[in-house]
Amino acid sequence: MDFTADEGHDEIRRAVRDVCAEYPDAYWRELEPSKYPTEFVDTLTRHGWLAVLIPEEFGGAGLGLTAASIVLEEINASGGNAAACHAQMYTMGTILRHGSSEQKRSFLPQIASGELRLQAFGVTEPTVGSDTTNIKTMATRVDGGYVIRGQKIWTSRAQHSDLMLLLARTTPIEEVEKKTEGLSVFVVDMKAAGDALTIRPIKTMMNHATTEVFIDDLQLPGEALIGEEGMGFRYILDGMNAERILIAAECIGDGRWFVDKASKYASERIVFGRPIGANQGVQFPLARVHAALEAADLVRYKAAWLFENGNPCGPEANVAKLLASESSWQAANACLDTFGGFGFAEEYDVERKFRETRLYSVAPVTNNMILAYLAQHVLRMPRSY
């Protein structure tokens, strides 16, 4: 079965490239170290690319995860950074699959038009890291809704989002039979939250607009609950599979940017009277990483196809993210080696993209966690944690 054949995908690629051409490398360079690419995100929104997954009845394109992944891939392959907007893609599925009719009517048309941004995803906490079921943020039932107290970290784009999906415990972990029970997902109007949310930026080695969020007596109406109370862990697993597939696509875009940049440079850079690209020591690392990217790309398409058709895709989504992030980092190093000293100069953008793609070996899930997942759930080996 060919998961990749679709003429419409070529049209998406061309159209996204045209948008990205308005924002060349110099645009991204000038945003360093921490300015949010507001103009770029607004342009993508105006052209409808951040509404790819929203059904047509709500003002979106009504396309699938494959199309969304291609949008993000092309942004990175063009030299940009899709992290500025990718959360709107992978958090969308939680509302689309589990949100009420009223939530969809209230939020989706405004997200599609750009009146609202859904860019923040509050899951990770400083004391538990990847151990999501042990989060401490609590949502307590009160008359008419919930009061939430807790803290989140690595909540990227919280300062640039109108809405946030928030995971909290609605039943203490000691009161549930399985630790995956008793977690719930809420949609938070961040402007209405006011002083109940304190957002503090975290400076990082790449321009990622990430923050920590302190939640103090946040009052939410009952309508803010997405789906059923206590079922939130299952809901975010759907979102996490989509996230892994989309991150894989971004890494593939990064990898292709590195390979294209290095191949062109190697063909033009003359040392000792000939192009350095004529040397197998330069050729082979780039050829090898090209092959690795092709393999990762095929798994990305398979995972997206399974997701779109409502089939289990956990193994494929995780493998796609693992292979793509490893190959993009391999491509980054091969590109830097090709450029030599010039690769460290800001004007060539290699060092910027080098820093950006390194993130994805660790986030949104470390590759070691993916290996543990594959060992336990695919290879049926004993649980390691």
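Q: Why is Asp217 called partly exposed in this predicted model?
A: Asp217 has a relative accessibility of 35%. Buried means under 20% and exposed means over 50%, with partly exposed in between. The value of 35% lies in between, so Asp217 counts as partly exposed.

Q: What makes the phi of Asp217 worth a remark?
A: Asp217 is not a glycine, yet its phi is positive, about 55 degrees. Most residues other than glycine have a negative phi. Asp217 is placed in strand 7.

Q: Why is Ala209 called partly exposed?
A: The relative accessible area of Ala209 is 23%. Under 20% would be buried and over 50% would be exposed. Since 23% falls in between, Ala209 is partly exposed.

Q: What kind of peptide bond joins Glu32 and Pro33, and what is its omega?
A: The bond between Glu32 and Pro33 is cis, with omega about 5 degrees. Most peptide bonds are trans. Pro33 lies in the loop between helix 2 (25–31) and helix 3 (38–46).

Q: What kind of peptide bond joins Ala363 and Pro364, and where is Pro364 found?
A: Ala363 and Pro364 are joined by a cis peptide bond, with omega about 0 degrees. Pro364 is in the loop between helix 12 (350–358) and helix 13 (367–378).

Conventions
Residues numbered from 1 in each chain as written. Predicted model: local features only at pLDDT ≥ 70, side-chain atom pairs only at ≥ 80, totals over all residues. Heavy atoms only, no water. Helix = DSSP H or I, 4+ residues; strand = E, 2+ residues; numbered from the N terminus. Buried < 20%, exposed > 50% of the residue type's maximum accessible area, 1.4 Å probe, protein only.
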